Amino acid sequence: MTVEVGQAWQRLSPRMLVVHPVHELLRQIPVLIGSLVLGSATGNPMWALFGLALIVGYGLARWFTTSYRIGPDEVQLRTGVLQRKVLSVPRNRIRSVSTDARLLHRLLGLTVLRVSTGQEAKGDTAFALDAVQAEQVPRLRAILLADSLAPAEEDANEPGRELARWQPSWLRYSPLSFTGLAMILAAVGLAYQAGVGAALQDSRLARSGLDAAERFGVFASLAVVVVTVLVVSVVLSVLRSLVTYGNLVLLRRDFAGNDGVLHLEHGLLRVREHTFDMRRLRGGTLRSPLLVRLFGGARLDAVMTGVDGAGEASLLLPPCPRATAEAVLSELIARPDAVTGPLRAHGAAATRRRWTRALALPAVLLIAMVVWYSWTPVWLWPIWVVLTVCCALLAVDRSRALGHRVDAEWLVARAGSLDRRRDCIAAAGIIGWTVRQTLLQRRAGVATLIAATAAGVKSYRVIDVPAELAWTIAGSASPWVADSDWARTQ
Amino acid sequence: MNLVEPANPPSRKAPLVWAIGAAIPWLVLAFGQLVWFALDRRLGLLHAAAAAVTVLGFVVFVAVVPVWRYRVHRWDIGPKAVYTRTGWLVQERRIAPISRVQTVDTYRGPLDRMFGLANVTVTTASSAGAVRIVALDSDVADRVVARLTDIAAIGGEDAT
């Protein structure tokens, strides 16, 4: 099977005849269980077989009803077993091509190819070829990106410059994430949904467990459970991080005459590849959640038009040493001072607001505890002290984080403690400014400045800048604000 | 540097329309409470508290907020940018370059049509950058749309 450009509709790889039924079976497990139950309840095993046949048949039909064509001006995808749908994407609107191969796909040498345009596409409207043979991918990628990127055929084979490569030492940041805990919770939830909870309620296993807990003492068994959950969650987090990001490579390919592309590849089991058009890059975000920051780490997200800024899609580097993330971002935006340079702090009013916010909860608790003094258990007081100290530390850290830096080319804003982020946004990409003031902000003389862009998460905030500075910042980044009829120098 | 406030207020009928729009849900709530009171006269204190909340909400949202909003809302269109001030408790001033405008929409709700008002929404490629000019007189809105589409048509660059 070859890739052709032309009017002929082409089918996806015939190997999908194996993959689709398996995926449908996995997805329709509830239906399968339902038909099994129906079969045993009515004493007629044909029900179960009927359900199975229906699901497999639907999976097969998906292959026969899906086709695509790469025309001279647009690519089209026809899908739908019962409802027919044709999705057309103009070729010159294609911004990035990413590929993704799950385990079953990889075993069969298949790859899912996704095309992303400047428009935000979610779910139904995403253009995905699920799946084509892996050998065809480089050629398809070159064809699809040809109109928007113009990489010559030989360029596509050029190895490119390596910006970053995964190191085993990066694993030290992964135990600190909550992914392991989330996975455990999801597994427990799934087990309960499947009726394990009800089955456990009065089984011998549960009773012997309760007996053991009584013999151990409640606190000891609780401690054992907590430690087990923590250890399992750390192991799961590290494993997930290894499987998802082990072998991550970030490359930059420059083509003569344009900005080139960024190429990101990662995944041990499920291989994912993203190709980003550098012309669409509007900056980057360094994110360092508190626990990662304590160990000197940061992750890097790209701010690009046509790439969703919040999730995995924009990720360039997972938690890694801060210096690595900063070096890569400096290389991408060619402005080291925007990435690491000092920021202008937001002053006393902003700091005061951080303190009042952080201490509001302890204050309310304190009042409640004093009012109902006789009902307050003694052990609540030390807990209140610990909480207050934590809130105070949070306030200190949050007010230290606040800062911005602006010139005619870049806007840099930093904020947050539990999830600290430093957004570096290209001034040319900013297509709107909002100055927002709540009642309390007006009284404190500060304002939140919001830069709107078409890239990343769309709005980037500079929190609690002095009100008289807000439009100055906007004006220095965007000449159309400074030159407007309403601008006045004070 | 600072930006002076935009010059033009919304239509003079705007506070009235906003007040009517806000009054409808509160009147429905008050009617519900009357029905409840007619059916069940126990718990007098609870009835009184609910009535007090409704009256307070009615006064704030029907009498105070529309006037407050009318005093805050302003809009202006320059040769290169469109600029608005909106809100009451939370106030926003928003400016967007006309060269990056993608669509200009007009919206007329049932109440707006009754009073001859229109709302204009100017969208850019950023979902955070849409500028809304609300409660304009219909003829003013038409002129705004014509002017914006005129200026936007001149710039031919990719609007991202």
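**View 1. A:Gln437 meets B:Gln91 across the chain boundary.** In strand β4 of chain B, the residue bridged to A:Gln437 is B:Gln91. Keep in mind that this is a predicted model. The pairing behind this view is between β18(A) and β4(B), residues 91-97 of chain B, which run antiparallel and are held by five bridges.

**View 2. β18(A) with its neighbour inside chain A.** To get your bearings, look for A:Val435, which sits opposite A:Leu449 of β19(A).

**View 3. The side of chain A that touches chain B.** Chain A puts 31 residues into this contact, and chain B puts in 26. Which elements of chain A give two or more residues to its side? They are β18, β19, α17 (467-477), α18 (479-482) and β21 (487-488). β18(A) gives the most, with seven residues. Sorted by class, the chain A side has 13 nonpolar, 13 polar and five charged residues.

**View 4. β21(A) pairs with β1(B).** Another spot where strands of the two chains pair is β21(A) with β1(B), residues 2-3 of chain B; they run antiparallel and share two bridges. Zoom in on A:Ala487 and you'll find its bridge partner in β1(B), B:Leu3.

**View 5. Where the two domains of chain B touch.** Seven residues of domain 1 and six of domain 2 make up the contact. On the domain 1 side, α1 (14-39) and α2 (44-72) of chain B each supply at least two residues, and α1(B) gives the most, with four. By class, that domain 1 side has five nonpolar residues, one polar and one charged.

**View 6. Stepping back to chain A as a whole.** Chain A carries 18 helices and 21 strands. Its C-alpha atoms fill a box of roughly 75 × 70 × 40 Å along the principal axes. Of the 490 residues in chain A, 33% are buried. Take the contacts in chain A between residues at least 6 apart in sequence: 57% of them join residues at least 24 apart.

Note on methods:
Residues numbered from 1 in each chain as written. Chains lettered and ligands numbered in written order. Predicted model: local features only at pLDDT ≥ 70, side-chain atom pairs only at ≥ 80, totals over all residues. Pairing = 2+ DSSP bridges. Buried ≥ 20, exposed ≤ 12 C-beta atoms within 10 Å, placed from the backbone. Nonpolar A, V, L, I, M, F, W, Y, C, P; charged D, E, K, R; others polar.
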